[in-house]
Every structure is written in structure tokens, then in C-alpha cells.
Amino acid sequence: MDRFAHITDLPALLRTMPKAELHVHIEGTLEPELIFALAERNGITLKYDGVEALRAAYAFTDLQSFLDIYYAGASVLLKEEDFFDMAMAYFRRAADDHIVHAELFFDPQTHTARGVDIGVVIRGLSRALDTARQDFGISGALILCFLRHLSEEDAFATLEQALPYRQHFIGVGLDSSEQGNPPEKFARVFARCRELGLHLVAHAGEEGPASYVRDALDLLHVERIDHGVRSIDDADLMHRLATKRVPLTVCPLSNQKLQVYPDLRDHSLAKLLAAGLCVTINSDDPAYFGGYLNTNFLATFEALPELRANHAWQLAANSFEASFVDAATRTRWLAQLGEAFDRAA
Ligand code: HPA
Ligand SMILES: [Zn+2]
């Protein structure tokens with residue numbers, strides 16, 4: 001029996017099916033309205049006249065042009081309450097999008113460089129995770145990202161500062177400017193994190209070449225690749241990713257807005273899925289790239305008409321498989337996914 005034959009309203013299914021989000025930078029969920037509200041609360045003057053002027057500046061030509069604005073936006077975050085409010089605003093959106101689990105990236109160096117204590121950051125986010133579980137039934141986890149444009153020494157210092165809060169984060173990642181900052185720069189930091197039993201992920205193959213994906217696997221020993229879309233340029237790597245089921249956390253609207261795939265119809269996601277890779281869909285920095293997780297699903301399925309209900313199932317199931325949760329919880333989510341498909345019209 002074709003379990004998908006009865007489905008006619010695919011957009012409704014995409015919206016309501018349970019899913020996990022594994023690639024979202026919490027600082028990238030800061031909406032212009034909240035940036036201005038926090039600026040006022042903290043007595044900070046922004047160089048933009050208002051929300052509309054700020055939004056108008058969101059015309060990115062590449063990753064760096066985005067990062068410059070993203071770090072400027074994060075400068076309004078000073079107090080524990082600011083980090084809590086930002087994360088709660090994300091969880092409200094996540095609940096609307098039927099997200100059952102979210103693994104959130106945060107960039108401590110963006111804050112500690114401005115004199116904000118790492119404890120302020122982690123306590124605020126951690127409290128939001130607890131509240132989201134209570135209020136929305138969403139489970140959350142934190143992944144600390146090192147900024148790859150900064151030095152290895154700075155990454156080690158950040159790890160030291162974070163260790164008193166070890167129980168509040170499940171892993172580490174690597175983000176910021178990819179080109180010219182290859183995985184090998186952080187091989188020793190990741191080796192230390194591995195000894196500490198932390199989960200390991202890294203952005204690779206977003207703007208950088210497929211060889212960075214390979215190096216993230218071989219030199220950093222990461223369990224997931226964030227983005228990884230450039231893997232499509234390397235047939236051997238594709239085979240390896242498929243056979244080992246190394247997850248790629250793909251972010252379609254981010255790729256479009258940062259001109260990786262200026263036209264979503266050219267996006268490689270359907271090809272990566274067809275090649276048997278454990279592809280997931282994620283929002284990356286939704287306040288900057290035009291939408292949260294469901295908007296990413298809807299835009300991708302609209303741009304790539306070969307994607308059908310069976311692909312929706314695969315993408316949701318992949319998001320559970322790729323998450324850092326126990327097998328029993330994943331099995332429970334899969335059952336919920338089955339129910340959503342059975343209910344779907
Ligand atoms: O998409 C991204 N790539 C690299 N660094 C980032 N930091 C936030 N978003 C991103
Ligand atoms: Zn990212």
C-alpha cells in the first residue's frame with residue numbers, strides 16, 4: 001500500500017507534520033522589532049533609523065555581507081533576560097511550525113568580546129529551554145559555536161570559560177566566515193572537545209569547497225555537516241556521506257539569500273536526497289533570510305516540484321535520525337509522524 005497516495009494537500013502536511021530543527025543560530029532569530037526593543041531597554045543607539053531601515057539593509061551578496069549585519073544586530077544583547085526573550089520568541093515560532101525538538105547554535109564570542117559574561121548568555125538561553133519544554137512541550141539543546149574567523153587560541157579560551165556550564169550544552173560547532181578558515185585551524189580544539197564527550201558538528205561546504213566537508217569529517221571528526229551543499233561537486237564524498245548516513249543540515253532560504261543558489265529552483269537538495277544522503281531542512285538565521293522552518297519547507301517544495309509527500313516523510317524522519325537524542329525518543333517522534341500522515345488530507 002502507498003502510505004502517501006491519499007495526500008492531496010502537501011503544503012498542509014508540511015506545516016503540520018512534527019519535525020526537528022538542527023541548524024538555527026539563536027542570534028539569527030533576532031527580529032528587527034526585538035532588536036529595537038532591546039536597544040531601547042538597554043539604552044543602546046543603533047545606526048538605523050528604525051525597523052524598516054534595518055530590514056532594508058538585509059540585501060546580502062554573500063556570507064560576509066550577512067555576518068557584518070548579524071553581529072551588529074547581536075550587539076543589543078547584554079543581560080540574561082535579553083537572551084531569554086530572544087530564545088522564547090524563537091520557541092513560540094517553533095511551536096507554530098510543529099517543531100518537537102530544536103538544537104540551537106549560539107556564538108559566545110560575539111558576546112564575550114563585548115564584555116558580556118558567558119554565564120549570562122548560557123543561563124538566559126538555558127532558562128528558555130526549560131520554559132519551552134514546560135510551555136510548548138518542545139525539547140531543546142544548545143550547541144556552542146566557535147567563530148572560525150577568530151584564532152584557535154580564542155576558541156580554547158572560550159571553551160575554558162564555558163566548561164563551568166558544561167551540563168548546559170551538548171556539543172560544539174564551527175561557524176562564521178568559511179573561506180580561508182578551513183577545518184584544520186580548529187583540529188586541536190575539536191580534539192579536546194571530543195575528549196570531553198561533546199557532540200561535534202561544523203559548518204562546511206556552504207561557500208567553501210567540498211574538500212572542507214571532507215576535512216571536517218577527517219580532521220574534526222564531526223557527526224553532522226552544517227550546510228554541506230557543495231558536497232555535490234565530489235562524487236566520492238557523496239558516496240561516503242550516503243553510505244555513512246552523515247547528516248547534512250541544509251538551509252534553503254539561507255542559501256538563496258546568500259547567493260549560494262540565487263534561484264531556489266537550482267538548489268541541490270532534491271539531488272542530495274535522491275543520492276541517499278541524510279538531508280534535513282533548517283532555517284539557519286530565519287529573521288534575516290525570510291522565514292522560519294515551515295517557510296523553508298514550503299518554499300523548497302514549491303521550487304522543486306519533484307519533491308512529494310514521500311520526501312516530506314524522509315526529511316522529517318531524517319531530522320529525527322540526525323538529532324542528538326536517544327533512540328526511544330526518536331521512535332516516539334516517528335510514531336507521531338505516522339499519525340500526522342495518516343490524518344493528512
Ligand atoms: O550560515 C551561516 N554560515 C556561517 N556562519 C553563520 N553564522 C550564522 N549563520 C551562519
Ligand atoms: Zn548556519
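I began with D226 and looked up its bridge partner in β7, which is T249. The model I am reading is a predicted one. I then checked the strands themselves: β6 (residues 224–227) and β7 (residues 248–250) pair in the parallel sense over 2 bridges.

Next I took the whole sheet. I find 8 strands in an open sheet, ordered β1-β2-β3-β4-β5-β6-β7-β8, with parallel pairing. I noted that β1 (19–25) and β8 (279–281) each have a single partner strand and stand at the edges, so one side of each lacks a neighbour in the sheet. From one strand to the next I read an average twist of 25 degrees. I also looked at helix α7 (residues 118–136), which packs on the sheet and touches β2 (99–106) and β3 (139–147). The direction of α7 makes about 155 degrees with that of β3.

I turned to a helix pair. The axes of α8 (residues 152–162) and α9 (residues 187–195) come within 9 Å and cross at roughly 20 degrees. The crossing of α8 past α9 is right-handed. I listed the contact as E152, A155, F156 and L159 from α8, with R188, V189, R192 and C193 from α9. Sorted by class, this contact has 5 nonpolar, no polar and 3 charged residues.

I list H25, G28, L63, Y70, D175, S176, H203, E206, S254, D284 and D285 around ligand 1. I sorted this shell into 2 nonpolar, 5 polar and 4 charged residues.

Terms used: Residues are numbered from 1 along each chain as its sequence is written. Chains are lettered from A and ligands numbered from 1 in the order in which they are written. This is a predicted model: local features need pLDDT of at least 70, side-chain atom pairs count only at pLDDT 80 or more; totals for chains, interfaces and linings use all residues. Axes are lines fitted to C-alpha atoms, for helices over the stretch in contact, and angles run from 0 to 180 degrees between N-to-C directions. Helices (H or I, at least four residues) and strands (E, at least two) are DSSP runs, numbered from the N terminus. A crossing is left-handed if the near helix is turned anticlockwise from the far one by less than a right angle, and right-handed if clockwise. Two residues are in contact if their C-beta atoms, placed from the backbone, lie within 7 Å. Ala, Val, Leu, Ile, Met, Phe, Trp, Tyr, Cys and Pro count as nonpolar, Asp, Glu, Lys and Arg as charged, and the others, Gly among them, as polar. A residue is near a molecule or strand if its C-beta atom, placed from the backbone, lies within 6 Å of it. Two strands pair if DSSP finds at least two bridges between them.
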